[in-house]
Amino acid sequence: MFDFLSSGRYDLLGAFWVTVQLTLYSAVGSLIWGTLLAGMRVSPVPLMRGFGTAYVNLVRNTPLTIIMVGSLLGLYQTLGFKLGADLSADIGFRLAVLAMVAYTGTFVCEALRSGINTVPVGQAEAARAMGLSFVQVLTLIVLPQAFRSVVAPLANVLIALTKNTTVASAIGVAEASFLMKNMVENETDALFAVFALIALGFIVLTLPTGLLLGWVSKRVAVKR
Amino acid sequence: MSGVSVTKGVEDAAPASGDLVVLSNVNKHFGALHVLQDIDLTIARGEVVVVIGPSGSGKSTLCRTINRLETIDSGDIRIDGKPLPQEGKELARLRSDVGMVFQSFNLFAHKTILENVTLGQIKVRKTDKKTAEDKARALLDRVGVGAQADKYPAQLSGGQQQRVAIARALAMEPKVMLFDEPTSALDPEMINEVLEVMQQLARDGMTMVVVTHEMGFARSAANRVVFMADGRIVEEATPDQFFSNPRSDRAKDFLSKILHH
């Protein structure tokens, strides 16, 4: 049933390696961008708050496919941004990461913001009363506690991100689902095997992620 | 001296006088509630002022306006001669000179007791870690929780947490300490251990503003009692005068309710 794998025509591990890379780069980028967005959304500066709110509501509600294809057609083919890459495969990969970060950052931001709301207001008051600046209060007192309370929701975001990397195939990034399309075209007699194989690959990636982060979330929880 | 403000020429000309905290004509609203009405209050260096009054009288709000955790609608607040700045670096600097102790302790839950006491020294005062830790341990010993230095706040009793909070405020070497109902969230048997630390502080000459329901502390440690009701300062007197011979009906009524059982 899975004998198409031994034909040597499909680099399954290579494709999933691209998926893993897409996920890791996007996850790190989303975490940073989402934290910055959350900082903006709780900042005392109205302009930053306004930008954060507008950005999150706009991007979060746009389909990822549109952002993904838009980054290829808009940023690269129309405006000529290559993001420092020369090979078209690299350009596609980087554009995909950019699109994923832009999109997933909004979900990180909102998860984090709900975490900020779990930190008692007295924590920030005590920090301000001590003479810490807004940025210090946020980075030393509020965010560390907020992060600890949203490890589980962030795990959800990471799992969704892992699966959302399949959208990168829309701009030709050769990750797992891109390979799946080739397989589906060539191996019509083993369709269900192909689907099951790719699905299993994602489960192998996401199931341990969820279990591990669930354990982490219990370990780092702030006791009050 | 041709001061800009002519209302209180003498005081303005001499900011380094004995007055450390000066509130003049302070007003604040919470929506329709006029929570602070024309508050005038002067606290001298080394003075211990206890603010008492019924719930909702505005005493906590008054305390919190002094380091601008609550903004005011009108009036003027000066600390050591300088008006309270707007939000920003200047305000942060001023707050670092004003220690604050809260009803709910507000120790940083994700940091150890020692880190709670060193954080401000390191991040605000830019003290090096070693010096900050030595000082923190000395302060924790002074308030009697030295043995708990490496625990987290949730592992301590309320009384211990509040004493740590006092040590944390003292670590900044504040000019004045604000206590916002420091014993109201404590189990009865833990109140005294906190009050003893505060009494020691008062004896050491710390300038203190204490919002409290502890009449015993007011009697024994206060230089002056300020009685508030309905957003106004109704009466100011020495503890002896106030408790034995209150002038206003509002204060008599309040005292009769709390002292008779």
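How many helices and how many strands does chain A have, and what can be said about that chain and the place where chain B meets it?

Reply: Before anything else, please keep in mind that this is a predicted model. Chain A has nine helices and zero strands, and when its elements are read from the N terminus on, they run α-α-α-α-α-α-α-α-α. The C-alpha trace of chain A spans about 70 × 45 × 25 Å along its principal axes. Of the 224 residues in chain A, 45% are buried, and the accessible surface of the chain comes to about 11,400 Å², with 69% of that surface belonging to carbon and sulfur atoms.

If one takes the contacts in chain A between residues at least 6 apart in sequence, 75% of them join residues at least 24 apart.

From here one can turn to the meeting of the two chains, where 26 residues of chain B are in contact with 19 residues of chain A. The size of an interface is often given as the accessible area lost when the parts come together. For chain B and chain A, the area buried between them is about 1,800 Å², and 63% of it is on carbon and sulfur atoms. On the chain B side, Phe108(B), Ala109(B) and His110(B) lose the most area to chain A, and together they account for 30% of what that side buries.

Cysteines deserve a word of their own. A disulfide is a covalent bond between the sulfur atoms of two cysteines. A search of the whole structure finds zero disulfides over all chains. Cys109(A) counts as buried because its relative accessibility is 0%, and Cys63(B), at 1% relative accessibility, counts as buried as well.

Most residues other than glycine have a negative phi. Asn25(B), which lies in strand β1 (residues 19-30) of chain B, has a positive phi near 55 degrees although it is a residue other than glycine. With a relative accessible area of 42%, Asn25(B) is partly exposed.

Glu181(B) is not a glycine either, and its phi is positive, at about 45 degrees. Glu181(B) sits in the loop between β7 (176-180) and α7 (188-203) of chain B, and, with a relative accessible area of 11%, this glutamate is buried. When its neighbours within four places in sequence are left aside, the residues in contact with Glu181(B) are Lys59(B), Ser60(B), Gln103(B), Val211(B) and His213(B).

The last stop is Gln121(B), found in helix α4 (residues 113-123) of chain B, where a relative accessible area of 2% makes Gln121(B) buried. Leaving aside its neighbours within four places in sequence, Gln121(B) is in contact with several residues, among them Lys126(B), Thr127(B), Thr131(B), Ala132(B), Ala171(B) and Met172(B).

Terms used. Residues numbered from 1 in each chain as written. Chains lettered and ligands numbered in written order. Predicted model: local features only at pLDDT ≥ 70, side-chain atom pairs only at ≥ 80, totals over all residues. Heavy atoms only, no water. Helix = DSSP H or I, 4+ residues; strand = E, 2+ residues; numbered from the N terminus. Buried < 20%, exposed > 50% of the residue type's maximum accessible area, 1.4 Å probe, protein only. Contact = heavy atoms within 4.5 Å. Areas by Shrake-Rupley, 256 points an atom, 1.4 Å probe, with all protein chains shown as cover. Disulfide = S-S within 2.5 Å. Buried area = accessible area lost by both parts, 1.4 Å probe.
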